[in-house]
Amino acid sequence: MTRRDWIRTLTAVPAALSSVARAQTGPTGPFTLPPLPYPADALEPYIDAMTMQIHHGRHHATYVNNLNAAVAKHPTLANKSIEELMRDLNAVPEDVRTAVRNNGGGHINHSLFWEIMRKNPGGKPVGELAKAIDRKFGSFASFQDQLTKAALGVFGSGWAWLSLTPAKELIIETSPNQDNPWMKGNTPVLGIDVWEHAYYLKYQNRRADYVAAWWNVIHWDFVSERYRKLTA
Ligand code: MN3
């Protein structure tokens with residue numbers, strides 16, 4: 001056996017094994033679907049269990065699978081965090097840039113979305129976030145009104161966000177599709193998904209009813225702590 005044959009043998013075996021694994025399960029990494037941090041029915045009646053199951057188990061899972069398939073073509077991308085990918089899409093090779101933008105966006109957006117929700121009717125921000133919202137928007141009620149208007153104003157599929165600029169200023173912004181504040185150099189504090197898949201089963205075309213209900217499922221302790229860490 002020549003040296004070249006040895007090298008071929010050594011490299012052929014892992015390649016064969018990995019192609020078997022891929023055939024059975026699809027690309028399995030480097031990105032993974034985080035588990036829902038609560039049961040699917042935990043946000044009832046504001047967001048129904050069936051919507052949560054499909055939204056997390058199918059929509060979010062598909063973004064993760066498609067993101068893994070995209071980065072599989074460029075192994076160096078697998079070493080980057082999802083936030084690093086979002087913050088510098090121009091560094092992503094052009095042949096997979098749109099796939100990473102859409103599916104990576106879907107992955108990071110939903111990963112945050114599950115975390116910022118808990119059933120919490122009447123809840124309000126606390127601590128420094130409460131003060132910062134009052135300073136910026138005048139009152140919590142005014143902030144709610146402005147974010148609601150932004151969410152209702154998104155044409156088609158997208159998101160509305162409370163974000164921090166690089167200067168740590170709070171702003172309300174919106175993004176189409178799975179675009180997000182990270183892509184613009186900002187950092188979201190919280191966001192609301194206004195794709196129809198987020199509400200159609202329960203609310204059909206009544207996005208306003210969904211947005212009104214969503215205010216009852218914001219995990220303000222988590223969001224306020226997130227703001228504290230981002231501004232520390
Ligand atoms: Mn969604």
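Colleague: Which residues in α5 meet which residues in α6?

Modeller: This is a predicted model, in which local features need pLDDT of at least 70, side-chain atom pairs count only at pLDDT 80 or more, and totals for chains, interfaces and linings use all residues. Residues are numbered from 1 along each chain as its sequence is written, and side-chain values use heavy atoms, without hydrogens and water. Contact means heavy atoms within 4.5 Å. Here Ile133, Asp134 and Phe137 of α5 meet Phe140, Ser142, Phe143 and Gln146 of α6. By class, this contact has 4 nonpolar, 2 polar and 1 charged residues; Ala, Val, Leu, Ile, Met, Phe, Trp, Tyr, Cys and Pro count as nonpolar, Asp, Glu, Lys and Arg as charged, and the others, Gly among them, as polar.

Colleague: At what angle do the axes of α5 and α6 cross?

Modeller: Axes are lines fitted to C-alpha atoms, for helices over the stretch in contact, with angles from 0 to 180 degrees between N-to-C directions. Helices are DSSP runs (H or I, at least four residues), numbered from the N terminus. The axes of α5 (residues 127-137) and α6 (residues 140-153) cross at roughly 70° and come within 8 Å. The two helices are therefore roughly perpendicular (65 to 115 degrees).

Colleague: Is Leu43 buried or exposed?

Modeller: Buried means under 20% relative accessible area, exposed over 50% (1.4 Å probe, protein chains only). Leu43 has 1% relative accessibility, so it counts as buried. Leu43 is in the loop between α1 (3-25) and α2.

Colleague: What is Leu43 in contact with, leaving aside neighbours within four places in sequence?

Modeller: Its contacts are Tyr38, Met52, Met117, Arg118, Lys119 and Val217. The C-alpha atoms of Leu43 and Met117 are separated by 8.0 Å, though the residues are 74 apart along the chain.

Terms used
Angles under 35 degrees count as roughly parallel, over 145 as roughly antiparallel, 65 to 115 as roughly perpendicular and the rest as oblique.
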